[in-house]
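Good morning, and thank you for coming.

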Amino acid sequence: MSTEQGVVYVLDDEPEMVKALMRLLRAKQFDVRVFTSAQAFLEACRPEDVACLVLDVAMPELDGLTLQKRLTHRGLLLPIVFLTGHGDIPMSVRAIKAGATDFLAKPVDAVALVRAVRAALEVARARHETVAETAALASRLATLTPREFEVMRHVVAGKLNKQIAADLGTVEQTVKVHRGRVMEKMAVASVADLVRATERLGIGKAES
Amino acid sequence: MWPMIAAAAITMALIHLGVWMLNRGTISHLLFACMALSIAGFNICELGLMRAQTVADYVVWHFSAHLAAFFVLVSLVWFVRSHLGTGRLWLAWALTAVRGVVLMIEGVLPYGVNFSEITAMREVRLGIARIFLPVGSSGALSRFAEASLFVCMLYVLDAAVCAWRQGNRRRAAIVGGGIVFFVLLGALNAVLTHTGLVQIPYVTSFAFLGVLACLGYELTADVVNAASLTHRLQVREAELRESQQLAGLAAGAAKLGFLVWDRLRGGIWFSKNGRALFGWSEEESVDFSRFRDAIHPEDRPLVEQAIGETLERSGEYEQEYRIVKSDGSIRWIHSRGLAEKNGNGLPARMSGVVMDITGDKQAQIELGQQRDELAHLSRVTTVSALSGSLAHELNQPLGIILSNAQAAQELLIQDPPALNDVGEILSDIVAADRRAAEIIQRLRSLLKRGETSMQPLALNELLEEVLHLTRSDLIGRGVIAACDFARDLPPVAGTRVQIQQVALNLILNAADAMVDNAPGTRRLHIATSRLDDAVRVTVRDGGIGLPADTERLFQAFYTTKPNGLGMGLAICRSIIAAHNGRVWAEPHPERGAIFHFELPVAVAKVSP
């Protein structure tokens with residue numbers, strides 16, 4: 001009996017609905033946590049968990065879309081699966097555009113729900129990985145000296161060592177040394193990889 | 001001169017004797033007549049006394065005078081008692097007895113009661129006439145006779161004072177004062193003559209004439225009064241005849257029937273029109289059970305109850321009911337009546353008016369049907385507008401059922417099957433199913449035709465149902481509804497579906513009014529409150545507000561919505577009016593609108 005990876009939060013203002021969804025998802029081996037108020041959910045939610053949220057769009061106090069915005073503001077990388085009793089097309093389009101993973105109509109079939117939840121958890125995992133990787137890259141970047149940083153920028157611009165030396169007012173040999181250290185510190189094997197890494201980090205290439 | 005007095009007295013006597021004979025109840029007149037005749041007799045005796053030349057003659061006339069005096073005084077005493085209505089009875093009898101004794105003494109003693117002896121008759125000149133006066137001395141018993149006169153005066157005074165106190169001031173003054181004055185005069189004369197102090201004859205009858213004049217005036221005043229009363233009575237009778245004629249004409253024109261029910265004797269009198277209304281002939285006798293049998297069996301209990309209540313509290317009664325005529329046809333009757341109690345507090349009489357309103361009633365029924373049609377159409381339209389939210393409302397329980405069932409399926413295929421939760425799961429499924437069924441039931445009842453049928457309604461419950469129906473719609477629009485229901489609201493009489501329609505309309509209007517409000521400021525407030533004999537429902541919103549002329553809102557085809565028909569509020573007003581209530585609007589002091597509707601509290605008496 002293995003539980004699926006990740007936490008599934010379920011938020012709906014009706015207790016019976018929440019109970020039913022919990023039973024279904026737990027029977028499908030998910031780790032489910034349920035809430036009937038948005039406030040309670042926001043307090044309990046932990047950013048470091050790989051998790052997704054199954055959310056009813058029409059709730060009296062805080063409607064689903066507003067909650068989605070709030071979560072984004074807090075920087076919570078929580079993919080959301082919307083459930084709705086309305087089947088309202090414009091609303092679903094709005095939700096998807098705002099980053100919802102899926103939009104399902106009630107009564108929701110078990111197969112569709114499980115598929116959506118799995119996909120959401122995948123997305124969550126992927127996001128967490130990306131975040132982790134970016135964090136790792138950022139920490140590696142922090143170890144570069146300013147000189148090495150400059151050299152790296154010129155390297156990803158596609159310049160030859162000779163050109164870099166001329167631009168920076170130093171000799172080719174020095175550039176070669178810096179280059180080697182950059183590749184080592186950034187833990188990349190090729191320039192192509194380095195380019196990808198800097199793009200990830202949002203560092204611009206040096207101007208000609 | 002003496003004959004004139006006698007003539008006057010006899011005249012008065014005859015007049016009042018005549019009055020007494022015409023109207024046997026007025027004993028005062030008889031007593032007066034008796035008194036007057038006696039005075040006439042006394043008068044003649046006085047004359048005789050003055051002409052008596054011998055002592056023997058004098059004594060005979062003296063006795064006759066006493067006889068007359070007896071009758072005068074006795075009838076006076078009893079006249080006072082009868083006319084004033086006061087005067088001590090024992091004293092009256094005592095005086096009668098005393099004067100009787102005096103009379104007997106007068107007859108027994110040789111010279112009468114007033115003189116111990118009379119020696120001779122002396123001639124005296126009085127003007128041109130020759131009269132004779134007795135020479136003698138007065139007897140001791142004379143004082144006794146005079147004292148009795150004095151007691152008589154006391155009696156009259158006492159009676160007059162009593163009458164004065166009772167309020168009969170004029171009578172007391174004239175009768176009492178007159179008698180006392182003139183009799184004192186006469187008594188003075190008598191004393192002077194008996195003691196011989198002044199040489200005058202008896203002129204007592206003059207005094208008595210004075211008394212007669214006063215009393216005669218009194219009695220005549222009565223007769224005159226009676227005459228004027230008779231005249232007034234005639235005038236009134238003429239007026240009554242006239243108004244009866246008018247009433248008869250009016251009744252004939254309006255085809256009204258009159259009835260008078262004499263409860264103590266049991267029969268009911270019906271006017272010609274009234275009988276025709278019920279299909280009875282003019283000769284048939286009608287009593288309450290006959291009348292009751294004519295009432296339509298369905299309406300009978302209510303009518304009987306209403307009549308019973310009216311008799312109890314002796315007031316007015318108004319009722320509409322059906323009757324089955326003797327030819328089998330059914331007519332609608334409008335009946336109004338008045339119940340009266342008799343002196344013993346028992347319901348004695350009920351008089352009333354009945355009118356055939358079958359024609360009007362038909363029109364009313366048709367109008368009611370058309371109104372119901374319109375209300376139904378409007379209801380269907382409103383409910384259709386809610387269909388989106390209603391679908392959502394149904395999807396909730398359906399979703400609960402599906403997820404629970406699929407969860408159970410998963411649990412059952414596990415190895416070993418996890419049966420613990422399955423029981424709970426199934427209970428939840430059943431509950432959700434019931435919930436869905438309820439929503440559909442409410443929907444169906446709203447969409448039904450819903451003929452008017454007045455039932456006692458609990459308004460708080462009714463409003464909660466409407467809120468359930470609109471819940472999803474309101475959530476979808478971001479409207480938050482708050483309720484403030486009064487506790488122990490009495491039921492109101494109404495057709496459930498129609499009152500729900502009104503509430504629905506007001507709530508949806510309120511939500512529409514707030515469509516441009518910032519989210520979080522769309523608040524709807526519903527309150528119920530109890531008034532003396534009505535219940536009020538108030539719907540408040542913080543939306544766009546109302547125009548200055550709030551009555552226009554309720555007119556047909558008035559709308560501020562681009563796609564609106566404008567019939568919603570007009571239909572609301574029509575429904576509420578048919579329920580004997582009222583609906584109106586006022587602007588909210590801060591922002592938005594307040595709508596109220598009031599319905600009368602349901603009474604035990606519900607119209608058919």
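Predicted model: local features only at pLDDT ≥ 70, side-chain atom pairs only at ≥ 80, totals over all residues.

Residues are numbered from 1 along each chain as its sequence is written, chains are lettered from A and ligands numbered from 1 in the order in which they are written, and side-chain values use heavy atoms, with hydrogens and water left out.

Let us turn to the interface. Chain A places 24 residues in contact with 23 residues of chain B, contact meaning heavy atoms within 4.5 Å. The two chains bury about 2000 Å² between them, 53% of it on carbon and sulfur atoms; buried area here is the accessible area (1.4 Å probe) lost on putting two parts together, summed over both.

How many salt bridges cross the interface of chain A and chain B? The rule finds 6, a salt bridge being a side-chain nitrogen of Lys or Arg within 4 Å of a carboxyl oxygen of Asp or Glu. One of them joins A:Glu14 to B:Arg435, at 2.7 Å from N to O. Helix α1 of chain A, residues 15–27, gives the most to the side that touches chain B, with 8 residues. Helices are DSSP runs of H or I, at least four residues, numbered from the N terminus.

A:Arg23 forms a salt bridge with B:Asp428, their closest N and O atoms 3.0 Å apart. This pair runs from helix α1 of chain A to helix α13 of chain B, residues 422–447. Both A:Arg23 and B:Asp428 are buried, that is, under 20% relative accessible area with a 1.4 Å probe on protein chains only, where exposed is over 50% and partly exposed lies in between. A:Lys19, A:Arg23, B:Glu424 and B:Asp428 are linked in a network of salt bridges.

Next, helix α5 of chain A. Its buried residues include A:Leu113, A:Val117, A:Leu121 and A:His128.

Within chain A, A:Glu133 forms a salt bridge with A:Arg200, at 2.3 Å between the closest N and O atoms. The pair links helix α5 to helix α9, residues 191–201, across 67 residues. A:Glu133 is partly exposed, at 40% relative accessible area, and A:Arg200 is partly exposed at 39%.

In chain B, B:Glu340 and B:Arg349 form a salt bridge at 3.5 Å. Over all chains, the count comes to 35 salt bridges.

Terms used:
Helix = DSSP H or I, 4+ residues; strand = E, 2+ residues; numbered from the N terminus.
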